[in-house]
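I opened the model today to look up a few sites and strands. My notes follow.

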Amino acid sequence: MTAPASNLRVNGDRLWDSLMEMAKIGPGVAGGNNRQTLTDADKEGRELFKSWCDEAGLTMGVDKMGTMFAMRAGEDPEALPVYVGSHLDTQPTGGKYDGVLGVLGALEVVRSMNDLGIKTKHPVVVTNWTNEEGARFAPAMLASGVFAGVLSLDYAYGRKDPEGKTFGDELQRIGWVGDEEVGARKMHAYYELHIEQGPILEAEGKDIGVVTHCQGLWWLEFTLTGKAAHTGSTPMNLRVNAGLAFARILEMVQKVAMDAQPGAVGGVGQVFFSPNSRNVIPETVTFTVDIRSPDQEKLDGMRAKIEAEAPKICAELGVECSIEAVGHFDPVTFDPELVSAVRNAAETLGYSHMNLISGAGHDACWAAQVAPATMVMCPCVGGLSHNEAEEISKEWATAGTDVLLRAVVETAQIVE
């Protein structure tokens, strides 16, 4: 193939305008977004995205998980597509860029290809995966997990939100159940652009993160059962306190993660107390322990230690303990050829760059199970993410999308 010109770049103003327009849908309360998956806001965001894809001349397909695939045709009808994307759903108090940059950056790639009259051997498919966040329906990366064959469609459809609504029913309600079998599509390659969600790139003064690996993850959902009782009139020695058991487990998780340093993290981000009253000792506490490491042995060792120690803690307090693994993926090594394409694109375009290991899970982790895959990252202010104060600059977004464009075009192969 003929290499694209070194000044091949996207329209950064158009990209930024699209990000700001999407951010109007599902606004949060503090400048960010609450566009959780399969809500009315998610439906509205999907419809806006589809309208932009239609304007760009893309052909839309939707699978039975509601994942959207917008294809720009290639010149070779037999060539497998290069997929590029991320997700439009957000955390309940999410930012305007997590996931969204990857989808709209991918859209900007094909818009720029249209502007520049670039033809490629391989089709390019802009992708919006359903339920990457897992905030409403656990686990995270649900649709890409079904696509990769590690989760079943029935399992996904049966997942419930905190109100007891099922994923399948809500997908039907918003009208985005597609007719494609999940995973039937074959990929030539997969690229995903994302904000770093960490502080390293900004601290090092680098424009681009070349993502070589993604650390593995376990989500362990605990249900602790004690006895509800009055906090004022129940003697301390007669309490069966599920809340106290939770506190001790939380401290234990902290110790397990610290003992596994370097390269391991662990914590709890979601807790539900019942009956959740000021003057009632909780009868049940449900929470999810999140542990991560790029080292498989450390990851599995942390899980084993936590699952061994938690029942002992509960037994001492007379509290019942059940544990269910509700999310998992092994550490991922991304495709060396695609990683090199990202690195070469950054160098050719004159952007500073460094290798990164992704601390967060992404749809690319499951895509890597079925095709060559990698990621591009740009900095975010203070490393802050999953927070309405999440912020990036237009220059950072543009640089990441410039690199994405060049890498995608190289992989899709220009046709003169």
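How many bridges join strand 6 to strand 15? I count 3, and these two strands run antiparallel. Strand 15 covers residues 373–378. Helices (H or I, at least four residues) and strands (E, at least two) are DSSP runs, numbered from the N terminus. Strands pair if DSSP finds at least two bridges between them.

Before going on, I note that this is a predicted model, where local features need pLDDT of at least 70, side-chain atom pairs count only at pLDDT 80 or more, and totals for chains, interfaces and linings use all residues. Residues are numbered from 1 along each chain as its sequence is written, and side-chain values use heavy atoms, with hydrogens and water left out.

**Strand 6**

I looked at the other partners of strand 6. It pairs with strand 14 (residues 353–358) in the parallel sense, over 6 bridges. Strand 13 (residues 332–333) pairs with strand 6 in the antiparallel sense, over 2 bridges. I then picked out single positions. Gly-209 has Met-377 of strand 15 as its bridge partner. His-213 stands opposite Ile-357 in strand 14. Cys-214 stands opposite Val-332 in strand 13.

Is strand 6 enclosed or open? Strand 6 (residues 208–214) has 6 of its 7 residues buried, so it is largely enclosed by the rest of the structure. Buried means under 20% relative accessible area, exposed over 50%, and partly exposed in between (1.4 Å probe, protein chains only).

**The annotated site**

I checked the UniProt record next. The unreviewed entry places a "binding site" at His-87, Asp-98 and His-194. They spread over 108 residues of sequence, yet cluster in space, with a largest C-alpha distance of 9.9 Å. UniProt positions are in the numbering used here, feature names are shortened, and annotations may be inferred rather than shown by experiment.

His-87 sits in the loop between strand 3 (82–86) and helix 3 (100–116). It counts as buried because its relative accessibility is 0%. A polar atom of its side chain lies 2.9 Å from the backbone oxygen of Asp-89. Beyond four places in sequence, I find His-87 in contact (heavy atoms within 4.5 Å) with residues including Asp-98, Glu-132, His-194 and Asp-363.

His-194 is in strand 5 (residues 189–195). It is buried too, at 1% relative accessible area. Its contacts beyond four places include His-87, Asp-98, His-362 and Met-377.

**An exposed loop position**

Last, I looked at Asn-237, in the loop between strand 8 (229–230) and helix 8 (242–259). Asn-237 counts as exposed, at 67% relative accessibility.

Technical notes:
Polar contact = N/O pair within 3.5 Å; in protein donor to acceptor, adjacent residues only side chain to side chain.
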